Amino acid sequence: MGGNSFGTLFKITTYGESHGKGIGVVIDGCPSGLELDLSLIANDLERRKPGQSKITTQRKEDESFEILSGIFEGKSTGTPISIFIPNKDQRSKDYSHLKDSYRPSHADYTYAEKYGNRDYRGGGRSSARETAARVAAGAIAKMLLAHYGINIIGFVSQVGSIILNHNNLDLGLTENNIVRCPDPKTAGEMINLIDKVRKTGDTIGGVISCKITNVPVGLGDPVFDKLHADLGKAMLSINAVKGFEYGSGFKSVSMKGSEHNDVFTKNKDDNIVTQTNFSGGIQGGISNGMPITFNVAFKPVATILKDQDSINTAGDTVTVSGKGRHDPCVVPRAVPIVEAMAALVLADHILRNKAVKI
Ligand SMILES: Cc1cc2nc3c(=O)[nH]c(=O)nc-3n(C[C@H](O)[C@H](O)[C@H](O)COP(=O)(O)O)c2cc1C
């Protein structure tokens, strides 16, 4: 199976399945001498963890982790950093009804057809448990970015048809509520909607927005490795993601060039900035120094507590019954995953950018 690695210079490889001994990540290319605060890894794993509130799955995952290599006396050594996250609370019998059946809109059918095997107890490598390894690596990437003053913050901006108004936001309020929406009133409405959907055994989608500040000019390359192209791949590689847009995104289609152009000016510190930021901080695939902004759309996930028509491995029509524990809406838990993938892309481009000119 290919595709388990991501990045060029700051490169990660994740491994493991949700019903094996554990999952983990090897980070190759983290520069030596970086001060590493392990509590920041623990904190991001807690933010991703299931069972954290009434609006996430009640499945419990113990997010303790072990650093196997690459760190000495609190600093990176420049050698591969290996992080192992053991699996606990695997209720394999919760999945026994899926042994021979394919869940509609899950990864079961395609995975089994492609590899000739499928771990029905949790989906093998297609399980979102894998994203815990990305979050651990992303926490280290965030520490590298903090060294350069770069900050990443993700927040929930839509659940179903409840949309956050982006004017006058205080992103510092994001972690104050269980849905991770910075506006308390909108957060309350989102929580009520998710709870209502959960009680009917159904699921609902949402959008995570992300803002990256203090990005230097010059990250990204102008052809295949445009910064937004790498961010797009990073985000679209997250389970259940259906869409990615940066800056004005799809809304740009209905604007005129005269409205959409970001006019250059100088700020009070004499730096070149733009008056608006429809470009989302990236022009020609290269960061322009303005905040990078993007949105990631998540679908209503496949596991619903309702009976559904499907087929089994023999091709017969069957009913897949809805049972087990599931996430009614994944966006609250996916905020640290989006941040982690953004951090991995930026960390990689920061290192790559050191090799472009004398
Ligand atoms: C944090 C997180 C939790 C998830 N939890 C569930 C879940 O409880 N049930 C489910 O069917 N899918 C869940 N998913 C999504 C599946 O992993 C994903 O839909 C599946 O692998 C198929 O891939 P695709 O939707 O990207 O095509 C979750 C995704 C994320 C990011």
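**View 1. Arginine 180 in the loop between S9 and helix H4 (184–199).** This is a predicted model, in which local features need pLDDT of at least 70 and side-chain atom pairs count only at pLDDT 80 or more, while totals for chains, interfaces and linings use all residues. Residues are numbered from 1 along each chain as its sequence is written. Helices (H or I, at least four residues) and strands (E, at least two) are DSSP runs, numbered from the N terminus. The phi of arginine 180 is near 65°, a positive value in a residue other than glycine. Arginine 180 counts as buried because it has 23 C-beta neighbours inside 10 Å. A residue is buried if 20 or more other C-beta atoms, placed from the backbone, lie within 10 Å of its own, exposed if 12 or fewer, and partly exposed in between.

**View 2. Glutamate 73 in the loop between strand S5 (71–72) and strand S6 (75–76).** Glutamate 73 is not a glycine, yet has a positive phi of about 50°. Most residues other than glycine have a negative phi. Glutamate 73 counts as exposed, because it has 6 C-beta neighbours inside 10 Å.

**View 3. An open sheet of 5 strands in the order S9-S8-S10-S16-S11.** The pairing is antiparallel; two strands pair if DSSP finds at least two bridges between them. Strand S9 (162–163) and strand S11 (241–246) are the edge strands, each pairing on one side only. Strand S8 (residues 151–159) pairs with S9 over 2 bridges, and valine 159 has isoleucine 162 in S9 as its bridge partner.

**View 4. Helices H5 and H7 against the strands.** Helix H5 (residues 227–236) lies across S11 and strand S16 (292–298), at about 160° to S11. H7 packs on the sheet, touching S8, strand S10 (206–213) and S16, and its direction makes about 145° with that of S8. Contact is counted when C-beta atoms, placed from the backbone, lie within 7 Å. Axes are lines fitted to C-alpha atoms, for helices over the stretch in contact, and angles run from 0 to 180 degrees between N-to-C directions.

**View 5. Helix H7 (residues 331–353) along its length.** The 23 residues of H7 reach 32 Å from first C-alpha to last, close to the 33 Å expected at 1.5 Å a residue; the expected span is 1.5 Å times one less than the number of residues. In H7, 20 of the 23 residues are buried.

How values were computed. Contact = placed C-beta atoms within 7 Å.
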